[in-house]
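Here's a quick look at aromatic rings and how they pair up. Have the structure open as you read.

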Amino acid sequence: MKIVVITWQSYYNMFYKVSKKIKEFDIKVYSARALENDREKLNKVLEELKKCDLLLVYRSSQESFWEILEKEIKDGKIKAKIVYLSHDPSFWTFSNVEPEIVVKTHEYILRNGEENIKNLFYFLANKVLGVSIGYK
């Protein structure tokens with residue numbers, strides 16, 4: 001299972017740290033700021049998204065690359081399950097999973113901490129990807 005996370009900088013470090021401790025899935029974590037500043041990296045990530053099983057996004061509002069990503073989603077170029085979050089809930093509509101999953105994902109992120117982020121990955125694997133794995 002391949003999971004890609006694109007998040008704003010303040011969540012990046014925690015997601016990255018936890019992703020390195022989880023061995024059950026291939027998890028890649030990208031900072032929105034890094035993608036904004038490196039178009040070559042952004043293009044590679046957009047190609048990677050075409051092969052991932054789950055895309056988890058926490059959208060910031062300052063970077064312009066979001067429009068490119070959102071066009072890819074609207075055009076159906078990304079076939080993955082998508083959990084799309086932001087401090088502005090209107091962006092949550094880019095998600096293609098049940099609203100209850102989006103809300104629960106947001107709760108895990110707000111509570112933060114390694115244990116919650118680890119359980120967030122397990123929750124999403126279980127509920128979205130159908131992996132038989134426990135979570136708290």
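Is tyrosine 84 buried or exposed? Tyrosine 84 is buried, with a relative accessible area of 0% (buried means under 20%, with a 1.4 Å probe and protein chains only).

## Ground rules

This is a predicted model, where local features need pLDDT of at least 70 and side-chain atom pairs count only at pLDDT 80 or more, while totals for chains, interfaces and linings use all residues. Residues are numbered from 1 along each chain as its sequence is written, and side-chain values use heavy atoms, leaving out hydrogens and water.

## Ring pairs

Searching the whole structure turns up ten aromatic pairs (Phe, Tyr or Trp rings, the six-membered one for Trp, with centres within 6.5 Å; planes under 30 degrees apart are stacked, over 60 edge-to-face, the rest tilted). One of them joins phenylalanine 15 and phenylalanine 121: centres 5.9 Å apart and planes at 75 degrees, so it's edge-to-face. Phenylalanine 15 sits in helix α1 (residues 9-21) and phenylalanine 121 in helix α6 (residues 114-127), so the pair ties together parts 106 residues apart in sequence (helices are DSSP runs of H or I, at least four residues; strands are runs of E, at least two). Both phenylalanine 15 and phenylalanine 121 are buried.

Tyrosine 84 pairs with phenylalanine 94, with centres 5.0 Å apart and planes at 45 degrees, so this pair is tilted. Tyrosine 84 is in strand β4 (residues 81-86) and phenylalanine 94 in the loop between β4 and α5 (99-111), ten residues apart. Phenylalanine 94 is buried too, at 16% relative accessible area.

## A cluster and a charge

Trp8, Tyr11 and Tyr58 are linked into a cluster by ring pairs. Then there's arginine 59, which lies over the face of phenylalanine 91, 4.0 Å from the ring centre (the cut-offs are NZ of Lys or CZ of Arg within 6 Å of the centre and within 35 degrees of the ring normal).

Terms used:
Buried < 20%, exposed > 50% of the residue type's maximum accessible area, 1.4 Å probe, protein only.
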